[in-house]
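User: Hi! I would like to go through this model with you, one local feature at a time. Could you start with the terms you rely on?

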Amino acid sequence: MIIRRSKKGTVKSLFLNEENDNYTSSVIELFRSSVGKSRGEIEESIKELELKSQNPKIVRAVSLLLFRMSKMEPPSHLDPLKVREKIFSYVRVPPVSPESREEILRRIADDLETTPEDVIRGMYADKESEQILVSIQEIEPKKLMKRFNMEQVETVMLKAVRMMIVPGNNFGRIIRLIRRYGLLYTDDGKAIFVSGPMSLDENVDRYGLSFSLLVRSLMKMEGWSAEATILLKNNEGKKEYIYTLDHSFSEYLNTDEPEEQIPAGFLLSNDPVKLENKTVYPDYEITLDNRKINIIITRPRYYEDDLSVVKECRKNGLNLEIFCILFNKEKCPSGAICFKDNIDWYRMKEYLITKYEKKNFEDQRNLNFKERELDEEMR
């Protein structure tokens, strides 16, 4: 996290733009030329690049992103634990000469049916610094800059404890996101006031992640603004800072990547469901037997409220289903279909197919019954 704090109690993220794309370009070039080298060797090259840079923290952060995007493999196929066990079984005291060391390595290699060189590579093949760079994901410097900027925002939001959002025309959709991520909120019709845990000492990191995910989703919308209260350490302990952001940030951020991988058949819902007195914003939709089924994903504390909305939609002839996600020790509400930590897409689809195939069968049976009644009346 690279931020600037002011004496007035505000913080700002340090963003990269086209004027300083030399940071991303130089790090990308360093990684491209380092294919086949160990992580330890690459780390040394990064340190040299940091010494030449005006802001070494940016070099370090961009390098971390590229490590995440790169494919790293161990230097040997051997199990390093077995190799070390073999070495210790042969060596009671350290070898006193190169010749005795080579003899030990040769005997171990014979036992493992490999070469002494592979034994040396395999000794510490589980260490991060020994991992070999196999390939890196091709990415343009500009896109890497935007990814860097996005992670700056998300990292700041990991420290968030409260947030005030002026949603513009996105009121209902933002409310659904807040409920989906399990955050607490109130609103006055103009602004939404979001908070995390009941107390700041309970699951702060997990709620910080929810704030980060919320902001990532907000960046795909227009016309909103927000103020987040961030809790940061200083010399006196911890202090609250104000972090201001709005939809204009998306110009500098990577918002092209999808939020999640959705299996075939399911779609993110873009069409609100309009009722007489309200508008409902489903999370997903699926079409079965030419029938569109809307889906709401909720959390235990909002299940009863959302269930009442589902029932109202059904009364109006709309297909709306509700599922609940549980985290940690949360309990599944009575009558709900719950998933642990993440959506179980296979189970969800199986349930929907079973339910709507049965519904189709019942509809057809009722139709046949009415036709028989009509035939009897005509006779």
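Analyst: Happy to! Helices (H or I, at least four residues) and strands (E, at least two) are DSSP runs, numbered from the N terminus. This is a predicted model, where local features need pLDDT of at least 70, side-chain atom pairs count only at pLDDT 80 or more, and totals for chains, interfaces and linings use all residues. Residues are numbered from 1 along each chain as its sequence is written, and side-chain values use heavy atoms, with hydrogens and water left out.

User: Thanks! In which loop does Asn290 lie?

Analyst: Asn290 has a positive phi of about 60° although it is not a glycine. For background, most residues other than glycine have a negative phi. As for its place in the chain, Asn290 lies in the loop between E13 and E14.

User: Is Asn290 buried or exposed?

Analyst: Buried means under 20% relative accessible area, exposed over 50%, and partly exposed in between (1.4 Å probe, protein chains only). The relative accessible area of Asn290 is 81%, so Asn290 is exposed.

User: And what is the phi of Asp289?

Analyst: Asp289 is found in the loop between strand E13 (284-288) and strand E14 (291-298). Its relative accessible area of 53% makes Asp289 exposed. Although Asp289 is not a glycine, its phi is positive, at about 50°.

User: Which backbone oxygen does the side chain of Asn319 reach?

Analyst: Asn319 is found in the loop between helix H10 (303-315) and strand E15 (320-326), and at 15% relative accessible area Asn319 is buried. A polar contact is a pair of N or O atoms within 3.5 Å; within protein, one must be able to donate a hydrogen and the other to accept it, and residues adjacent in sequence count only if both atoms are side-chain atoms. At 3.4 Å, the side chain of Asn319 reaches the backbone oxygen of Lys292.

User: How are H5 and H6 oriented to each other?

Analyst: Axes are lines fitted to C-alpha atoms, for helices over the stretch in contact, and angles run from 0 to 180 degrees between N-to-C directions. Helix H5 (residues 98-112) and helix H6 (residues 116-123) have axes 8 Å apart and pack at an angle of about 90°. Angles under 35 degrees count as roughly parallel, over 145 as roughly antiparallel, 65 to 115 as roughly perpendicular and the rest as oblique. H5 and H6 are therefore roughly perpendicular.

User: Last one: what is the handedness of the disulfide of Cys332 and Cys338?

Analyst: A disulfide is a pair of cysteine sulfur atoms within 2.5 Å, and Cys332 is joined to Cys338 with S to S at 2.0 Å. Cys332 counts as partly exposed at 38% relative accessibility, whereas Cys338 is buried at 10%. Cys324 is in no disulfide, and the nearest cysteine sulfur, that of Cys338, is 4.3 Å away. The torsion about the S-S bond of Cys332 and Cys338 is about 85°, so the disulfide is right-handed.
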